[in-house]
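Here is a short briefing on one protein model. Have a look at the sequence and the structure, then read on.

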Amino acid sequence: EVSEMSERSKQNVAHGLAWSYYVGYLKIVLPRVKKSMEEFSSTNPNLLVCRKTWKLHILIPLSCDVYDDLEKADSNIQYLTDLSETTVARAGTKKRVYKHSLYAIKDEENQLWHCAVEYATPLQSLYAMSQDECAAFSREERLEQAKLFYRTLEEILQGSKDCVGTYRLIAYEEPGEAERHFLSREILWHLRQQHHEEFVVHEGTPPPTPSTALDSAELNLQISVADMPQPLRSDGF
């Protein structure tokens with residue numbers, strides 16, 4: 001009975017997607033990110049000067065609008081190269097390949113900032129469900145699921161010892177009116193904040209504040225307790 005109620009209210013969709021994303025992907029690739037960054041930096045010492053940015057930057061647009069080509073999303077984001085591949089045996093595939101792309105992000109002064117960045121792919125599933133009559137997902141439900149996906153993923157990663165310091169979640173709401181370089185500005189804010197954390201800053205200098213970036217406290221306020229996922233069985237299994 002509890003399971004049926006959860007399914008009808010779609011409370012377990014985002015929760016399940018977040019866990020699947022972590023177990024099936026992030027738990028595999030994140031522990032290897034810093035090594036890939038270190039290998040790249042050894043041959044390109046002038047590009048990745050801030051070790052704090054040696055992470056996988058994961059984009060989480062609450063609209064679930066995911067671009068397959070980041071360069072088409074924002075012309076200030078340019079593909080640079082791929083980091084070294086991770087190859088593992090996975091679910092019957094002998095040599096499954098995982099890799100991340102490195103991008104150059106151009107700021108307002110035409111300075112280039114470099115980082116590994118990609119979208120959280122499960123958001124494509126949420127978007128597709130909202131377009132499919134069988135799933136019957138409204139736009140409002142999709143937004144709530146995207147928020148819940150972010151909060152759940154954040155909690156999972158915070159509890160993962162293997163993933164400490166290997167990722168940066170970038171959750172954001174896109175503006176009502178289209179802005180050509182909105183996405184690059186969002187990424188740049190996070191890169192600058194990480195530079196601020198690494199390098200010595202005069203005491204009393206406040207960190208920059210984002211225009212639209214969302215932190216977990218904001219999203220937590222936007223999700224009611226009733227929207228949180230419920231266990232399928234009352235005994236917790």
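In which loop is N110 found? N110 sits in the loop between β5 (101-106) and β6 (112-119). This is a predicted model: local features need pLDDT of at least 70, side-chain atom pairs count only at pLDDT 80 or more, and totals for chains, interfaces and linings use all residues. Residues are numbered from 1 along each chain as its sequence is written, and side-chain values use heavy atoms, with hydrogens and water left out.

**The sheet**
- Five strands form an open sheet with mixed pairing, in the order β2-β5-β6-β1-β7.
- Its edge strands are β2 (77-82) and β7 (167-172), and each pairs on one side only.
- From one strand to the next, the twist averages 40°.
- Strands are DSSP runs of E, at least two residues, and helices are runs of H or I, at least four residues, numbered from the N terminus.
- Two strands pair if DSSP finds at least two bridges between them.
- β1 and β6 pair in the parallel sense, over four bridges.
- L56 has A116 in β6 as its bridge partner.

**Two loop residues**
- Most residues other than glycine have a negative phi.
- Phi of C64 is positive, near 65°.
- C64 lies in the loop between β1 (56-61) and α3 (70-73).
- C64 counts as buried because its relative accessibility is 1%.
- N110 also has a positive phi, near 65°.
- N110 counts as exposed because its relative accessibility is 57%.
- Buried means under 20% relative accessible area, exposed over 50%, and partly exposed in between (1.4 Å probe, protein chains only).

How values were computed: Axes are lines fitted to C-alpha atoms, for helices over the stretch in contact, and angles run from 0 to 180 degrees between N-to-C directions.
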